[in-house]
Amino acid sequence: MENFWTSNKPIKGLRHFVLVNETREQGNIIFLMVSVLDSEINLKTTYEELINSGNWYMGWLNLPKLQSITEEYVIYKSINKGAGSDEIFINEDSLLNIS
């Protein structure tokens with residue numbers, strides 16, 4: 001599976017993500033995606049959503065800064081300043097596991 005993805009629409013103001021974990025939940029393949037620019041911006045998505053929805057492009061698209069980091073991100077960070085983030089656990093077989 002490709003590890004680098006671009007969201008068709010900004011997610012909390014950011015569009016470039018990396019796949020860090022792949023798990024199974026209730027028979028579905030679930031991917032943990034984390035923003036390349038801010039690890040506080042992360043999400044879980046299904047295989048179907050990632051591959052078949054049209055919401056994601058495989059790889060990182062070269063986007064102008066105002067399209068890859070939107071005003072939504074600035075607003076999100078100002079509202080959530082100091083809120084902390086959920087911990088991200090990377091599986092031992094993840095390509096991003098550097099321990």
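Biologist: What should I know before I start?

Modeller: This is a predicted model, in which local features need pLDDT of at least 70 and side-chain atom pairs count only at pLDDT 80 or more, while totals for chains, interfaces and linings use all residues. Residues are numbered from 1 along each chain as its sequence is written, and side-chain values use heavy atoms, with hydrogens and water left out.

Biologist: How are strands named, and what is the order of the strands in the open sheet?

Modeller: Helices (H or I, at least four residues) and strands (E, at least two) are DSSP runs, numbered from the N terminus. Two strands pair if DSSP finds at least two bridges between them. Here, five strands make an open sheet in the order S4-S3-S2-S1-S5, and the pairing is antiparallel. Strand S4 (42-46) and strand S5 (56-58) are the edge strands, each pairing on one side only. From one strand to the next, the twist averages 35°; such angles run from 0 to 180 degrees between N-to-C directions, with axes as lines fitted to C-alpha atoms, for helices over the stretch in contact.

Biologist: Which residues stand opposite each other across these strands?

Modeller: Let's go pair by pair. Strand S1 (residues 4-11) is joined to S2 by four bridges, and Ile11 has Leu14 in S2 as its bridge partner. S2 and S3 pair over eight bridges, with Arg24 opposite Ile29 in S3. Strand S3 (residues 28-35) is joined to S4 by five bridges, and Ile30 stands opposite Thr46 in S4.

Biologist: Which turn residues have a positive phi?

Modeller: Look at the two hairpins. S1 and S2 form a hairpin with two residues between them, and Lys12 in that turn has a positive phi of about 50°. S2 and S3 also form a hairpin with two residues between them; there Gln26 has a positive phi of about 50°.

Biologist: How many aromatic pairs does the whole structure have?

Modeller: Rings of Phe, Tyr and Trp (its six-membered ring) pair if their centres lie within 6.5 Å; planes under 30 degrees apart count as stacked, over 60 as edge-to-face and the rest as tilted. A search of the whole structure finds three aromatic pairs. One of them joins Phe17 and Trp56, whose ring centres are 5.6 Å apart with planes at 85°, so this pair is edge-to-face. Phe17 lies in strand S2 (residues 14-25) and Trp56 in strand S5, 39 residues apart.

Biologist: Which residues make up the largest nonpolar core?

Modeller: A nonpolar core is a set of buried Ala, Val, Leu, Ile, Met, Phe, Trp, Tyr and Cys residues joined through side-chain atoms within 4.5 Å. The largest one has twelve residues, among them Phe17, Phe31, Trp56 and Tyr73. S2, S3 and helix H3 (71-79) each give two or more residues to this core, and the largest share, three residues, comes from S2.

Conventions
Buried means under 20% relative accessible area, exposed over 50%, partly exposed in between (1.4 Å probe, protein chains only).
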